[in-house]
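Biologist: Please take one part of this model and go through it closely. Keep it simple, and then show me where to look next.

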Amino acid sequence: MNRFIALLMASLLILAMSPAMASERYDGVFFTIVDENGNVVYMTGRHVKIGDQCITENNKRFEIIRIEGDTAHAKYIGDVNLSQYLPKEAQNGILYAFLAPKTAKAQGGGRVAIYHTHSDESYVPSDGKESKLGAGGIYDVGKSFANALKAKGIEPLISEAKHDPHDDMAYERSRRTVASLIKQKPDAVFDIHRDAVPPQVYKANINGQDVTKIQLVVGKYGATAKQIEDYALKIKAAADQKHPGLVKGIFFAKGGDYNQDLHPRSMLLEVGAHTNTKEAAERGIALFADVVPSVLGQASQSGTPSGTGATGMGTTQSGPSGAAKSIGWILGLLVVGGGAFLLLSTGGLKEAGAKLKQFTSTEFANFLGRIKRGKKNPSDGRE
Amino acid sequence: MSMPLGMIALLVIGILVYFGLAQRILDRMRLTDKQALLFIGAMIVGSFIDIPVMREPIEVTINVGGALIPAALAIWLIFKADETAERVRAVLASILVAVAVWLGSRYLPYEPENMFLDPKLIYGIAAGLIAYLAGRSRRSSFIGGVLGIVLSDVVHMVTLINAGIPGRTAMGGAGAFDVTIIAGIVAVMFAELIGETREKLQGGPVLGPHRPEGLYEFSEELAKNPNRNKQQNTKDAPQAQTQKFNRGDKNE
């Protein structure tokens with residue numbers, strides 16, 4: 001009987017977890033984000049949620065506060081000053097001098113890993129349909145990116161691994177691809193996708209070429225999210241300088257880390273939408289390749305992003321760097337989580353303190369002390 | 001690769017916290033602290049080894065650190081279980097988790113703009129909840145999390161073959177950072193959280209001067225060596241002793 005109830009509750013949980021069950025992607029519905037005055041500031045694929053953020057093409061940050069039908073009302077948070085993310089001469093300091101030989105070694109060359117989590121994504125005008133399992137048009141966009149990088153002296157590490165079907169576990173399957181790519185020590189990792197919005201959202205003309213714009217996606221709740229946010233801003237700053245209008249904006253998605261926790265220079269790119277032509281997307285990503293060397297620090301004299309200081313921990317002018325913020329989050333969560341658990345499991349501050357003391361004094365005795373034979377250490381049998 | 005110090009510090013701290021948590025979880029799986037550390041070392045080394053299983057019709061590989069070692073621990077835990085009912089519960093939990101992953105991957109949103117929680121966390125939490133409901137056990141949660149994901153990979157493989165979709169299944173391919181291991185860890189943490197909350201709601205651990213220094217150790221000692229308990233707790237009311245004993249029984 002108990003087991004039956006357990007089964008029932010488990011199925012209820014699964015049902016409760018899927019409020020946005022089986023959302024049709026290609027029904028032409030998309031979200032328009034408007035500011036307080038009703039001006040359209042952003043358009044994206046669907047189902048944005050309250051709390052999602054985006055940085056628009058002209059570097060204004062908005063947070064969604066209310067959703068009515070297909071319109072999301074957003075609050076203006078502020079302008080993002082991208083100039084501090086531009087590469088420039090790093091400040092001189094003892095630490096910089098210490099690290100300088102190492103940063104100098106990375107000048108020239110470099111490796112960039114490319115893969116596709118959604119390996120079916122295709123472009124309707126060129127490929128005929130929006131999804132081709134295992135053989136999406138997105139692979140051609142990845143190849144165009146690889147060729148453009150090669151022309152710049154960067155070695156592309158392209159993975160053609162397939163992660164279909166296009167479902168919720170695709171990122172967990174592509175995580176394995178990322179892990180195998182990282183074993184080849186890339187300097188940056190790109191997951192290339194395409195969006196699902198009307199064509200005008202991504203359509204652009206840059207240097208007389210018809211191209212599609214590119215959207216950067218940052219996993220807002222990943223373990224290293226703040227550091228990835230810094231990286232995204234750095235890419236946007238470099239792109240705005242090199243090819244203004246190429247990067248459509250940055251979307252901060254709440255639903256995961258998109259494997260950006262595996263490499264400090266990981267980025268998810270949406271190159272055009274299924275309604276754009278694949279050829280335009282290929283030209284767009286080729287332009288984006290112009291931005292990569294300066295982002296990797298090869299065009300500048302140092303590999304250090306300015307604004308975050310020579311150490312990358314932050315400066316008094318710009319505040320703590322994304323990496324420092326991420327460290328703060330990880331350690332903060334560890335302390336809060338550990339403390340909450342201690343309180344919950346012991347029932348009081350005094351007891352929690354005693355348990356913590358017992359933890360620090362006896363738990364480590366086992367592997368720091370000598371091996372005891374015969375009589376068992378009471379903490380050994382802990383379960 | 002040139003990396004500023006902040007990035008390096010973040011990498012080091014991230015890895016220390018991750019493996020530190022994993023070690024705390026593993027030492028609840030019938031392993032001593034030292035064995036748990038060795039186990040983590042084996043997972044890291046094993047992350048670099050992929051064993052090919054088949055090439056046709058789709059490529060299937062098993063990663064030693066990300067699937068083989070944790071699955072071996074889970075299976076060993078099933079065999080070491082004290083009673084048949086516990087084994088049945090652990091196997092049942094694994095199957096239910098695989099079903100949850102299968103249903104979830106079909107029906108949960110999958111676009112970055114639409115997803116609401118990281119799949120690694122969803123399936124870890126689902127495993128923890130299912131295993132806790134099925135057996136109120138941390139070990140069952142770990143087994144459910146690890147074997148549930150391994151089984152879901154088998155389901156994925158069968159789906160690909162049946163539907164004729166080109167692709168591959170790399171079980172545990174992300175090594176020590178694979179969803180297999182993360183789901184196991186999250187499952188135990190979640191089971192621990194709901195278990196402790198439930199116990200707390202039921203009245204919490206016995207407080208006062210006679211409270212044992214650690215409830216779990218105490219319950220084990222009680223079962224192994226009732227005499228020692230008598231010496232330590234002669235002043236305890238009999239009712240309180242029974243209460244402790246009962247609660248200890250549930251701490252698998």
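Modeller: Start with a term. A strand here is a DSSP run of E, at least two residues long, and strands are numbered from the N terminus. Two strands pair if DSSP finds at least two bridges between them. Keep in mind that this is a predicted model.

Now look at strand β5 of chain A, residues 71-79. On one side of the story is β4(A), residues 60-68. 8 bridges join β4(A) to β5(A), and the two run antiparallel. Phe62(A) stands opposite Tyr76(A) of β5(A). Together β4(A) and β5(A) make a hairpin, with 2 residues between them. Gly69(A) sits in that turn and has a positive phi of about 60°.

β5(A) also pairs with β1(A), residues 31-34. Here the strands run parallel, joined by 3 bridges. Thr32(A) faces Thr71(A) of β5(A) across this pairing. In a regular strand, side chains alternate between the two faces of the sheet.

Next, go to chain B. Helix α1(B) covers residues 5-26. Its 22 residues should span 32 Å at 1.5 Å a residue, and the end C-alpha atoms are 31 Å apart, which agrees. Among the buried residues of α1(B) are Leu5(B), Leu10(B) and Ile25(B).

Finally, the largest nonpolar core holds 136 residues. Val97(B), Tyr123(B) and Ile130(B) touch the most other members. Leaving out residues up to four places away in sequence, Tyr123(B) touches several residues, including Val97(B), Ile149(B) and Val179(B).

Key: Residues numbered from 1 in each chain as written. Chains lettered and ligands numbered in written order. Predicted model: local features only at pLDDT ≥ 70, side-chain atom pairs only at ≥ 80, totals over all residues. Helix = DSSP H or I, 4+ residues; strand = E, 2+ residues; numbered from the N terminus. Expected span 1.5 Å × (residues − 1). Buried ≥ 20, exposed ≤ 12 C-beta atoms within 10 Å, placed from the backbone. Core = buried A, V, L, I, M, F, W, Y, C linked by C-beta atoms within 7 Å. Contact = placed C-beta atoms within 7 Å.
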